[in-house]
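Hi,

Here is the structure I promised to pass on.

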Amino acid sequence: MTRPELSTIVVAWRAADDVAELVSEWPDDRRFELVLVDQEGDLAVRLESVEASRAQPRSSGNIRLLVPGRNLGFGGGSNFGAQAAGADLLFFLNPDARPATDALAALCAGFATWPQAAGLVPRLVGFDGAPQADWQLRRLPTPLALLAHALFWNPGAAAAAEPAAGAAIEQPAAAALALRRSVFEALGGFDEAFYPAWFEDVDLARRLADRGQPLLYLPEALCRHRQGSSVGALGYGAFLAAYDRNLCRYLDKHHGHAWAIAFRALAGPAALLRLLLLPLRLPTRAATRTQAAQALLAVARGSLAGWPREPRKPGESAA
């Protein structure tokens with residue numbers, strides 16, 4: 001069988017509807033492989049139903065379903081999918097993202113045009129067409145900017161305007177990110193210790209920058225993206241715990257232990273202050289004030305304990 005030119009890797013956890021929609025739109029073209037990493041093990045029947053509803057049977061056999069048997073997180077699931085993928089070009093895509101008709105071909109052409117590029121960054125827009133560049137395309141964060149997150153403030157590090165094609169992007173979101181397999185494997189893939197998600201893409205971008213390997217912007221590869229579905233699947237408390245734990249780990253890994261300690265020292269008091277102000281303002285990502293209060297108390301406790309990653313029972317899916 002002919003090897004695909006591009007393997008798209010989608011890590012799925014509590015995303016059955018998104019995956020079904022993605023599969024229904026996926027081109028029947030053997031150049032473009034779709035590798036689905038089913039972290040819950042419940043997608044097979046759903047995908048059979050999607051394929052059965054097609055007007056014509058898929059002939060290319062370009063969709064593969066992998067079931068690791070547990071939740072490996074985004075980084076671990078991405079590495080798992082990359083190992084099984086057949087192409088030399090790897091495209092990491094969130095389940096809630098949809099490549100435009102010519103986006104996959106544009107990525108292949110872009111790698112041929114820019115042989116110096118370690119990876120290519122598609123253009124993300126919302127399903128309403130609104131650009132997501134201010135969220136997607138960022139500079140690598142400084143330690144001070146990361147400390148601000150302890151105060152529930154994101155100072156931002158996005159470009160002032162959407163860049164031109166071929167511009168170097170320091171830290172693109174991994175919601176849609178294409179990499180050469182040779183580069184990805186030389187890096188050792190995503191650092192799976194950033195579990196279950198958040199900051200694994202920042203860490204990867206930092207390691208690429210340290211090696212002088214650029215990620216270039218390719219707006220011709222357009223993808224629609226819903227954005228924010230992971231937080232809804234996890235819940236506000238689990239999101240805050242994972243985000244803070246992984247932010248601390250990133251600081252420790254790339255900027256030194258003192259910065260991680262400083263973050264922890266700020267995070268607890270800031271969470272308690274935010275708790276006192278909860279009657280006046282509900283956090284955007286929280287569904288209720290009760291949920292927000294429980295999450296903020298967990299942040300205060302976690303800042304003292306260092307947000308230890310809780311061990312999982314055999315067969316249990318972690319959040």
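Predicted model: local features only at pLDDT ≥ 70, side-chain atom pairs only at ≥ 80, totals over all residues.

Residues are numbered from 1 along each chain as its sequence is written, and side-chain values use heavy atoms, with hydrogens and water left out.

The sheet is open and has eight strands in the order S3-S2-S1-S4-S9-S6-S10-S5, with mixed pairing. Strands (E, at least two residues) and helices (H or I, at least four) are DSSP runs numbered from the N terminus, and two strands pair if DSSP finds at least two bridges between them. S3 and S5 (97-99) stand at the edges with a single partner strand each, so one side of each has no neighbour in the sheet.

Seven of its seven residues are buried, so S2 is largely enclosed by the rest of the structure; buried means under 20% relative accessible area (1.4 Å probe, protein chains only). Both faces are covered, with Phe32, Leu34, Leu36 and Asp38 on one side and Glu33, Val35 and Val37 on the other.

S2 pairs in the parallel sense with S1 (residues 6-12) over seven bridges, where leucine 6 has phenylalanine 32 as its bridge partner. S2 also pairs in the parallel sense with S3 (residues 63-66), over four bridges, and here valine 37 is partnered by leucine 66. The chain goes from S2 through helix H2 (residues 44-52) to S3 in a right-handed β-α-β crossover. Right-handed means that, with the strands pointing away from the viewer, the path from the first strand over the helix to the second runs clockwise. S1, helix H1 (residues 16-25) and S2 make a right-handed β-α-β unit as well.

Finally, the loop between S3 and helix H3 (73-84) holds asparagine 71. Asparagine 71 is buried, at 3% relative accessible area. A polar atom of the asparagine 71 side chain lies 2.9 Å from the backbone nitrogen of glycine 73.

Best wishes

Conventions
Buried < 20%, exposed > 50% of the residue type's maximum accessible area, 1.4 Å probe, protein only. Polar contact = N/O pair within 3.5 Å; in protein donor to acceptor, adjacent residues only side chain to side chain.
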